[in-house]
Amino acid sequence: MRPIVLCLVTTLVLAPALPAQTVPRRSAEQIKASYDAHQGDFDYLLGDWEFTSVSREFGKGHGYWSAVRLAEGAQLLDEYRVVGDSGQTYYVTTTLRNYNGAADRWELIGADAGTGLQDFGTGHKVGDEMRIEQTFGVARGTPSQWRIRYYNIQPDHFSWIAERSTDGGKTWAKDYQKIEARRVGPARTLPSFAPARNRPGT
């Protein structure tokens, strides 16, 4: 997992800035209250998972999904991998999830190999569900909008369902993809890989 983190951080530093966002003005107290209330929204995803999926486009599939908390702030890094029966990788993507207290929302950015950081999304907790709106396929020139729900969230299981639009949200394919995930490893936090330290001679 460490090489993936270093690669992603390097890309974030060197990549052009994302388009400017309009963020409503909130007080420091409001930002802190939002952070305190929502910093654990994605805690259920931490750890290692094995999943099965059903897609309208690709049919049945399965794979592995792992998420770690970064050492600082409300940030998670996860890797989602679809594999074949012999363990070969068909598809893999990495996502950084970061809570934005000023905008009172989670923000996500996906990083597929060679496609840059263009698959942006936002997330909110609604009752017992996490809901995400995200665009995929931007770099390939075939953007599609997805509305995703994580539901039936349990310590050792969660369900995931998405609908998809390829015409800018005018029409939606319901139940476009479904995922059932079961836990195979415990939650964990990735230690800081640039920790503060005493300077020589101090």
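Me: Of the contacts in the protein chain with a separation of 6 or more, what share comes from residues 24 or more positions apart?
Reply: Heads-up: this is a predicted model, where local features need pLDDT of at least 70, side-chain atom pairs count only at pLDDT 80 or more, and totals for chains, interfaces and linings use all residues. Numbering starts from 1 along each chain as its sequence is written, and side-chain values use heavy atoms, with hydrogens and water left out. A contact means heavy atoms within 4.5 Å. Among those with a separation of 6 or more, the share from residues 24 or more positions apart is 41%.

Me: In what order do the elements of the protein chain run from the N terminus on?
Reply: Helices (H or I, at least four residues) and strands (E, at least two) are DSSP runs, numbered from the N terminus. The protein chain has 2 helices and 11 strands. Read from the N terminus, the order is α-α-β-β-β-β-β-β-β-β-β-β-β.

Me: What percentage of the 202 residues in the protein chain is buried?
Reply: The cut-offs are under 20% relative accessible area for buried, over 50% for exposed, and partly exposed in between (1.4 Å probe, protein chains only). Across the 202 residues of the protein chain, the buried share is 37%.

Me: Which residues have the most contacts inside the largest nonpolar core?
Reply: A nonpolar core here is a set of buried Ala, Val, Leu, Ile, Met, Phe, Trp, Tyr and Cys residues joined through side-chain atoms within 4.5 Å. The largest one has 26 residues, and the elements giving two or more residues to this core are S1, S2, S3, strand S5 (105-111), S7, S8, S9 and S10. A second, separate core of 8 residues includes Val68, Leu77, Leu96 and Ala111. Back in the largest core, the residues with the most contacts are Phe42, Leu45, Trp65, Tyr150, Phe158 and Trp160.

Me: Which residues are closest to the centre of the largest pocket?
Reply: On a 1 Å grid over the protein atoms alone, a pocket is an open set of points where a 1.4 Å probe fits, with protein on both sides within 12 Å along at least five of seven lines, whereas from a cavity the probe cannot get out; lining residues have an atom within 4 Å of a point. The largest pocket holds about 910 Å³, a volume being the space filled by probe spheres set on points joined across faces, edges and corners. Strands that each supply at least two lining residues include S1 (47-55), S4 (89-100) and S10 (173-185). Of the 40 lining residues, the closest to the centre are Phe58, Tyr80, Tyr91, Trp146 and Gln177.

Me: How many charged residues does the lining of the largest pocket have?
Reply: Ala, Val, Leu, Ile, Met, Phe, Trp, Tyr, Cys and Pro count as nonpolar, Asp, Glu, Lys and Arg as charged, and the others, Gly among them, as polar. In that lining, 17 residues are nonpolar and 14 polar, with the charged ones numbering 9.

Me: Is glutamine 177 buried or exposed?
Reply: Glutamine 177 is found in strand S10. Beyond its neighbours within four places in sequence, glutamine 177 is in contact with residues including Tyr80, Trp146 and Trp160. Because its relative accessibility is 11%, glutamine 177 counts as buried.

Me: How far apart are the C-alpha atoms of leucine 70 and arginine 188?
Reply: Leucine 70 is in strand S2 and counts as buried at 16% relative accessibility. Not counting residues up to four places away, leucine 70 touches Gln75, Leu77, Leu96, Thr189 and Leu190. Arginine 188 is 118 residues away along the chain, yet the C-alpha separation is 9.3 Å.

Me: Where is threonine 142 found?
Reply: Threonine 142 counts as exposed because its relative accessibility is 51%. Leaving aside neighbours within four places, threonine 142 is in contact with Phe136 and Gly137. Its place is the loop between S7 and S8.

Me: What is the phi of aspartate 175, roughly?
Reply: Most residues other than glycine have a negative phi. Aspartate 104, in the loop between S4 and S5, has a positive phi near 55 degrees. Aspartate 175 is in strand S10 and is partly exposed at 43% relative accessibility. Its phi is also positive, at about 50 degrees.
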